[in-house]
Structure formats: C-alpha cells, structure tokens
Amino acid sequence: MTAKLYCFGESGNAYKAALALELSGMDWEPVFVDFFKGEARSDAFKEINVMGEVPSFVDGDITLTQSGVIQQYVVDQTGKFGGTSENKYEVLRWVLWDNHKFSSQIGPLRFLMNFLPEDKRPQEVINFMLGRTKAAYAVLNDHLAGRDWIVGDGVTTADLSCCSYLFYDEPFGFDRADWPHIDAWLTRISQLPGWKHPYDLMKPAFTA
Ligand SMILES: N[C@@H](CCC(=O)N[C@@H](CS)C(=O)NCC(=O)O)C(=O)O
C-alpha cells in the first residue's frame with residue numbers, strides 16, 4: 001500500500017520527511033494539507049495528529065508525526081540514511097539540533113517575512129530571529145568545513161533535516177554565497193540521484 005505524507009510545499013519540516021522517503025525509494029504519495037487556511041487545526045486533521053502539525057505520515061496501520069520520527073521510520077524500513085552503529089547517535093544529535101535550534105527558527109522567520117501580510121510583519125521579532133539564525137548558519141558552516149556530509153562518509157538524516165529550509169528561494173536572511181561550506185554541501189545534496197526541490201515533491205499553497 002502506498003504510504004501517505006500529509007504535507008504542503010512550503011513546509012520545510014514536511015520536506016525533511018518527503019526527501020527521505022523519495023531518496024529511499026519507498027512507495028509514498030503527498031496529501032496536500034491546506035495549512036494557510038487552517039486545515040492542520042481542524043478536528044478532522046487532529047484525528048491524524050493531535051499536535052495539529054505537518055508532516056504527518058500514515059503507512060497502513062502506522063501513523064507517525066514529527067519529521068525526525070518519520071525519517072527514522074525510513075531508516076528502519078530501508079536501512080538507508082541512519083549512519084553506522086558507531087555514529088548513529090551523532091546523526092540523532094544533529095537531527096535534534098536541527099529540530100530545536102535551526103529549522104525551528106528558520107521556519108517561523110520565513111513565515112513572518114513572506115507569508116504574513118506585509119503590514120503585519122513584526123520587524124523587531126524578525127531582527128531578533130535573523131540574529132539567531134545567523135549564529136546557527138555559522139555553527140553548520142563551520143562544522144561542514146572539510147566535510148562532505150554532516151556525519152560520517154555519506155548522506156544521513158542529519159543532512160536531510162538540516163538542509164530542508166535552505167532549498168527555498170523566499171528571503172529569510174540566508175544567502176548561499178555567505179556560507180561556502182553550506183553552499184557546497186547543498187550542491188552535493190542536490191546532486192543525489194532522485195533529489196527534487198520541495199515544490200516538485202509537495203504541492204505548494206501559494207506558488208503555481
Ligand atoms: N518538530 C516538528 C515541527 C513541525 C511543524 O512545526 N510544522 C509546521 C509546518 S512547517 C506546523 O505544522 N505548524 C503548526 C503550528 O505551529 O501550529 C517536525 O519536525 O515535524
């Protein structure tokens with residue numbers, strides 16, 4: 001049976017799951033959630049995820065939420081992207097860093113800067129978050145100096161988590177030219193067989 005990923009194109013968190021599913025070769029399909037019209041907070045959606053969040057994933061009897069959990073399901077199903085027995089905790093460390101310190105800031109920042117009506121964008125909050133995200137870009141850029149992948153010798157869920165928002169074109173204070181090691185690493189990821197841009201994997205709400 002084809003697994004279903006409840007998602008929308010603008011969601012970098014959903015992209016982490018979609019990219020892992022796609023690159024692994026698992027049988028899956030996107031189900032569009034009309035997030036900006038409140039669908040994720042509807043009673044019907046809460047039957048799938050009481051947290052009211054995208055991504056949510058259903059494979060037969062199994063329902064999973066949280067991108068890191070869905071990625072781990074892909075690892076367990078396919079044996080791909082989990083790292084080695086020696087470095088798997090390092091992989092988890094970077095997934096948690098991404099979820100807590102990186103995407104958790106970029107996502108809301110990108111929302112405030114692009115998807116809120118212009119007259120409702122809180123500039124002080126945006127400036128504060130721009131400072132926080134810049135510090136996080138520096139952490140990732142420094143770590144990637146001299147490395148092809150975040151952990152070990154191949155792509156893992158650490159890469160597939162941390163890269164997610166960085167493939168979007170909307171402005172959120174990130175310019176690849178400022179971060180050469182991140183830039184080279186994003187190019188490596190985009191050259192993986194089967195890689196697709198988020199809007200080619202999941203239907204966006206706003207873009208055609
Ligand atoms: N840690 C979660 C974050 C998921 C998340 O925040 N998703 C956003 C969309 S990108 C959402 O559904 N937000 C709903 C809300 O904040 O109410 C994950 O990695 O799956």
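This is a chat about one predicted protein model and what its atoms show.

Visitor: Hi! How are the residues numbered, and what sort of model is this?
Guide: Residues are numbered from 1 along each chain as its sequence is written. The model is predicted, and local features need pLDDT of at least 70, side-chain atom pairs count only at pLDDT 80 or more, while totals for chains, interfaces and linings use all residues.

Visitor: How many helices and strands does the protein have?
Guide: There are eight helices and four strands. Helices (H or I, at least four residues) and strands (E, at least two) are DSSP runs, numbered from the N terminus.

Visitor: And in what order do the elements run?
Guide: Starting at the N terminus, the order is β-α-β-α-β-β-α-α-α-α-α-α.

Visitor: What is the radius of gyration, and what would a compact globule have?
Guide: The protein has 17 Å, which agrees with the value near 17 Å for a compact globule of 208 residues. That radius is taken over C-alpha atoms, and the globule rule is 2.2 Å times the number of residues to the power 0.38. Along the principal axes, the C-alpha atoms fill a box of roughly 50 × 45 × 30 Å.

Visitor: What share of the residues is buried?
Guide: Buried residues make up 36% of the 208. A residue is buried if 20 or more other C-beta atoms lie within 10 Å of its own, exposed if 12 or fewer, and partly exposed in between, with C-beta atoms placed from the backbone.

Visitor: Which domains does the protein have?
Guide: The assignment gives domain 1 (3–80 + 196–201) and domain 2 (88–190). Such bounds come from an automatic or database domain assignment. Taken over C-alpha atoms, the two domain centres are separated by 20 Å.

Visitor: How many residues of each domain are in contact with the other?
Guide: 13 residues of domain 1 are in contact with 13 residues of domain 2. Contact here is for two residues whose C-beta atoms, placed from the backbone, lie within 7 Å.

Visitor: Which element gives the most to domain 1's side of that?
Guide: That is α1, with six residues. The elements giving two or more residues to this side are α1 (12–24) and α3 (67–78). The residues of that side divide into six nonpolar, six polar and one charged. For those classes, Ala, Val, Leu, Ile, Met, Phe, Trp, Tyr, Cys and Pro count as nonpolar, Asp, Glu, Lys and Arg as charged, and the others, Gly among them, as polar.

Visitor: Let's stay with α1. How many of its residues are buried?
Guide: 12 of its 13 residues are buried, so α1 is mostly covered. Glu-22 is one of the buried residues of α1, with 21 other C-beta atoms within 10 Å.

Visitor: What does Glu-22 contact?
Guide: Leaving aside neighbours within four places in sequence, Glu-22 is in contact with Gly-194, Lys-196 and Leu-201.

Visitor: And what follows α1?
Guide: Gly-25 does, and its phi is positive, near 85°.

Visitor: New topic! Which residues surround the ligand?
Guide: They are Ser-11, Asn-13, Ala-40, Gly-52, Glu-53, Val-54, Pro-55, Gln-66, Ser-67, Asn-99 and Gly-107. The criterion is a C-beta atom, placed from the backbone, within 6 Å of the molecule. This shell divides into three nonpolar, seven polar and one charged.

Visitor: What about the backbone at Pro-55: is the peptide bond from Val-54 cis or trans?
Guide: The bond from Val-54 to Pro-55 is cis, with omega near 10°. Most residues other than glycine have a negative phi, and most peptide bonds are trans. Pro-55 lies in the loop between α2 (43–46) and β3 (56–59).

Visitor: Which residues have a positive phi although they are not glycine?
Guide: Gln-66, at about 80°, and Phe-81, at about 75°, are among them. Gln-66 is in the loop between β4 (62–65) and α3, and Phe-81 is in the loop between α3 and α4 (88–115).

Visitor: Are those two buried or exposed?
Guide: Gln-66 is partly exposed, because 18 other C-beta atoms lie within 10 Å. Phe-81 counts as buried, with 21 C-beta neighbours inside 10 Å.

Visitor: Last one: where is Cys-163 found?
Guide: Cys-163 sits in the loop between α6 (157–162) and α7 (180–190). Cys-163 is buried, with 25 other C-beta atoms within 10 Å. Not counting residues up to four places away in sequence, Cys-163 touches Leu-186 and Ile-189.
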